[in-house]
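Please look over the sequence and the three-dimensional structure shown here, and keep both at hand while reading the paragraphs that follow.

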Amino acid sequence: MSLLSRHSLLLVIADEPAASETVAIARLLAAAGARVGLLEAPGAARWFGPAAMEQLLGEGLSMERASETWPAHAMVVLGGREAREAWQSHRSDLPLVQPPEPNNVPATRWLLSAVLRTLSGRPWQSRRLLVTAGPTVEHFDAVRFLSNPSSGKMGYAVAEAAWIAGAEVTLVSGPTALEAPWGVRRVDVTSAAEMREAVLAERHDVVFMAAAVSDYRPVERRVGKVKKGLGTWTLEMERTPDILAELSASVLRPELLIGFAAETHDIERYAREKLRAKSLDGIVANDVGAGGAFGSDSNCVQCYDGAGGAVSFGPAAKQEIAAAIVAWADGCLARKQ
Ligand code: C5P
């Protein structure tokens, strides 16, 4: 399913500074499945004109010439503040998608997230949310470490889905190859100890702990790179702090605390045990056995809540699963209030 299918968006072609950007945005919206109504504001003809309009309409995407009363779910207006205000006063019935300030950010970075956030109605507006994601890395000398193959994709997708739902989101991330979702504040960490510090720095309303935290770390970190020898090398390991359990028992405990569980077998039993042992409000379990979820773009999860309820989502793209997880968490929150 395309992200914006079933949505109609009125794109106002306003003033000159936004010329090439407006064309790019029309294409991006239509390529994401939206029905795009193109409306030329007076003055736009100076740079846009009938030829440019005909070219866009002829591209085979779902675009059409729109009138001022064209029925839409939201309106996108680029250009300066004056242009935005002028068009908002014409169509105050429509929510407005704002380009970010400063507006030299490429539309490919912000547009789809911003449109989805506007269309969502922002049910989590004013909620402060924290998500942990990715692996942790535990060094035993300057260049060697213990870690796991978590890609961070699931946690990043949850952070993005929560931002789209209107929340203010902090993403505490172990090392990953991913770019932070638009609008989300990322705090980079390496080890479990650093992740713990970042998580316990402030109170949040909702916390999702999707990181694959190393359970053990080397007792000792040697200085520099250890030279290889002929014999064996035994590493002594110790437990890392259980960040989730500690947060749950602390004064910083969020109103809603959701854990994740990666299991290879007896998924439900282990997930429910964790839910109880760490006093969580919910847990999202996924099967990482047999080619499982690590690094994959799609996933299949079971969500268990504190009241004994269970629901499963997928198989589907991690973005879709993340949106379903956020909606499920919203239900858990509503039942607590
Ligand atoms: O007990 P287990 O490690 O399987 O629990 C998984 C959950 O606990 C995940 O939400 C994970 O992010 C969190 N966790 C943690 N600190 C650890 C280990 C796991 O926060 N040291």
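**A walk through the model**

The side chain of D305 has a polar atom that lies 2.9 Å from the backbone nitrogen of A307, a polar contact in the sense of a pair of N or O atoms within 3.5 Å, where, within protein, one atom must be able to donate a hydrogen and the other to accept it, and residues adjacent in sequence count only if both atoms are side-chain atoms. This is a predicted model, in which local features need pLDDT of at least 70 and side-chain atom pairs count only at pLDDT 80 or more, whereas totals for chains, interfaces and linings use all residues. Residues are numbered from 1 along each chain as its sequence is written, and side-chain values use heavy atoms, with hydrogens and water left out.

D305 itself is found in strand 16; helices (H or I, at least four residues) and strands (E, at least two) are DSSP runs numbered from the N terminus. D305 counts as buried because its relative accessibility is 8%, where buried means under 20% relative accessible area, exposed means over 50%, and partly exposed lies in between, using a 1.4 Å probe and protein chains only. A further polar contact, of 3.2 Å, joins the side chain of D305 to that of R335. Leaving aside residues up to four places away in sequence, D305 touches R272, L275, D281, G282, W328, C332 and R335, contact here meaning heavy atoms within 4.5 Å.

Is D297 buried or exposed? With a relative accessible area of 55%, D297 is exposed. The side chain of D297 is joined to that of K153 by a polar contact of 2.9 Å, and K153 is also listed with A317 and K318 among the residues that D297 touches, when those up to four places away in sequence are not counted. Between D297 and T132 there are 18 Å in space, C-alpha to C-alpha, and the two are 165 residues apart in sequence.

R91 has its place in the loop between helix 3 (81–90) and strand 5 (96–97), and R91 is buried, since its relative accessible area is 8%. The side chain of R91 has a polar atom 2.8 Å from the backbone oxygen of E68, and the R91 side chain also reaches the backbone oxygen of W70 at 2.9 Å. The residues that R91 touches, not counting those up to four places away in sequence, are L10, E68, T69, W70, A72 and M75.

The next topic is the ligand. Which residues come nearest to the ligand? Of the 13 residues around the ligand, those that come nearest are M209, A211, P241, F260 and K274, a residue being near a molecule if one of its heavy atoms lies within 4 Å of it. A nitrogen atom of the ligand lies 3.4 Å from a polar side-chain atom of T240, a nitrogen atom of the ligand is 3.1 Å from a polar backbone atom of I243, and an oxygen atom of the ligand is 2.9 Å from a polar backbone atom of L244. On its own the ligand has 440 Å² of accessible area, of which the protein covers 86%; accessible areas come from the Shrake-Rupley method with a 1.4 Å probe, and for residues only the protein chains shown count as cover. Helix 7 (243–249) and strand 14 (256–263) are the elements that give two or more residues to the shell around the ligand.

Backbone geometry deserves a separate look. A cis peptide bond, with omega about 5°, joins G314 and P315, and P315 lies in strand 17 (residues 310–317). R122, in the loop between helix 4 (107–120) and strand 6 (128–133), is a residue other than glycine with a positive phi, near 50°, and R122 counts as partly exposed because its relative accessibility is 28%. S126, placed in the loop between helix 4 and strand 6, has a positive phi of about 75° although it is not a glycine. S126 is exposed, as its relative accessible area is 66%.
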